[in-house]
Amino acid sequence: MLLTHATLATMTGGYGLIPDAAVAIEGDRIMWAGRIADLPRAFRDTDPFDCKGRLVTPGLIDCHTHAVHAGHRAAEFEQRLQGASYEEIARAGGGILSTVTATRAASEADLLATALPRIDQMIASGATTIEVKSGYGLTVADEIKVLRAARRIGVARRVTILTSHLAAHAIPPEYKSRPTAYIGEVALPSLLAAQAEGLVDAVDAFCETIAFSTGDLEPLFARARALGLPVKLHAEQLSDQNGAAFAARHGALSADHLEYLSSAGITAMAAAGTAAVILPGAFYTLRETQIPPIAALRAAGVPMAVATDLNPGSSPLASLPLAMNMACTLFRLTPEEALLGTTAHAARALGLTDRGRVAPSLRADLSVWDAGHPAELSYRIGAPPLHARIFGGRLDA
Ligand code: NIG
Ligand code: FE
């Protein structure tokens, strides 16, 4: 396949813009990208896909979602509008735990069926790789069920799915105030069982006063690393728990949320090469006022990814371009940082080296936009201007 007359954002060294570009693809790989004038003879094609000047970017990567879950939490949204806080609702047994009740009652087939429309929205917004977490099962069997449903998405749709084990997302009522017992009796055994079934790409956890402390999580992260699995952490979302530094100590791929991140946390992340995943959808939904320390992360050279955090409580958001818009408007990322955040840096946050940029030998996942400049993707609010999507070297039908 050959794309011609593209305004190509390669995402190497910033946008890495190439005007009037061509991209040559063989199988599921990019073979060549550059100016049409320089296209090697071997890659010329009599029937190219003419982009007519449209922007072409790497396929977008959503590196943090909870896309598999049952039910919704519109009632909780109404409670928050009446003044209840996310933490108050969680402490009263609502929040994550209400989705746990619904998810436990759902079958694997139900979970797949309800996830697919969300995934279709994400695909229609230009995503080609999506990370999906467990964390609404909280028993060994239910965590496995969620991870199996998540993996089936990648068979049902033209998208790459990566799965993160997030049994340490909340403490279920049967383990109330017994986090150590929960980690030992559910989180660790579910990790071993899921790993044995090949269902785990990374291990995640929620470090917060309403969830787990770094001390609770130590044995889980130690075991993950012993299994050769990378870790990541929901850190410093509602308060500073020194989660990012703990994650960095375990060589984490990413620390996510980070509204209350300290300068010590930033230093630890920079030293460990841990990426920052910025989740403006949760900030917006919870009407948070503490902005993550973007300028300090930038100054420290910490790669920043941007994701939807798609979940039924804090971020019912399925559009990466809208997350990019929020990252710019609410957090002052530049549109270039926002696009790096959903391409090259999102790949980094998932430990993927074969995608996120447009360069020879990388996977041929590309999004073609009804836009002429990459800043337009962040500038528009909603209605992502996707024109076409190429997944694994093939155009969507
Ligand atoms: O990333 N912070 C914890 N987990 C999710 C929220 C999950 C929920 O509220 O259902 C998040 O925001
Ligand atoms: Fe999350």
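Student: How far apart do the C-alpha centres of domain 1 and domain 2 lie?

Tutor: This is a predicted model, in which local features need pLDDT of at least 70, side-chain atom pairs count only at pLDDT 80 or more, and totals for chains, interfaces and linings use all residues; side-chain values use heavy atoms, with hydrogens and water left out. Residues are numbered from 1 along each chain as its sequence is written, while chains are lettered from A and ligands numbered from 1 in the order in which they are written. Domain 1 comprises 2-59 + 357-396 and domain 2 comprises 60-349, with bounds from an automatic or database domain assignment. The separation of their C-alpha centres is 30 Å.

Student: How many residues does each domain give to the contact?

Tutor: Contact is defined by heavy atoms within 4.5 Å. On that basis, domain 2 contributes 25 residues and domain 1 contributes 27 residues.

Student: Is D309 buried or exposed?

Tutor: The classes are buried, under 20% relative accessible area, exposed, over 50%, and partly exposed in between (1.4 Å probe, protein chains only). H64 and H66 are both buried, and D309, because its relative accessible area is 1%, also counts as buried.

Student: What is the relative accessible area of S361?

Tutor: S361 also has a positive phi, about 85 degrees, without being a glycine. Most residues other than glycine have a negative phi. S361 is placed in the loop between α14 (344-349) and β14 (366-369). There it is exposed, because its relative accessible area is 53%.

Student: Which residues line the largest cavity?

Tutor: On a 1 Å grid over the protein atoms alone, a cavity is a set of points where a 1.4 Å probe fits but cannot get out, a pocket is an open set with protein on both sides within 12 Å along at least five of seven lines, and lining residues have an atom within 4 Å of a point. The largest cavity has a volume of about 80 Å³, where grid points are joined across faces, edges and corners and the volume is the space filled by probe spheres set on the points. Its lining has 4 nonpolar, 7 polar and 1 charged residues, with Ala, Val, Leu, Ile, Met, Phe, Trp, Tyr, Cys and Pro counted as nonpolar, Asp, Glu, Lys and Arg as charged, and the others, Gly among them, as polar. Those residues are H66, Y86, I96, Y136, H169, F206, H234, Q237, H257, D309, N311 and S314.

Student: Where does the second largest cavity lie?

Tutor: The second largest cavity has a volume of about 40 Å³, and its lining divides into 2 nonpolar, 4 polar and 4 charged residues. Among its lining residues are P58, G59, I61, R355 and R357. Both domains give residues to this lining, and therefore the cavity lies between domain 1 and domain 2.

Student: Which element gives the most to the lining of the largest pocket?

Tutor: The largest pocket has a volume of about 390 Å³ and 17 lining residues, with A90, L97, I171, K176 and I210 nearest its centre. By class the lining has 11 nonpolar, 4 polar and 2 charged residues. With 3 residues, the element that gives the most is α2.

Student: Which element gives the most to the lining of the second largest pocket?

Tutor: The second largest pocket holds about 320 Å³ of space, and of its 15 lining residues R80, A84, T285, L286 and R287 are closest to the centre. Two or more residues come from each of α1 (74-81), α2 and α10 (280-285). The lining comprises 8 nonpolar, 3 polar and 4 charged residues. The element that gives the most, with 3 residues, is α1.

Note on methods:
Helix = DSSP H or I, 4+ residues; strand = E, 2+ residues; numbered from the N terminus.
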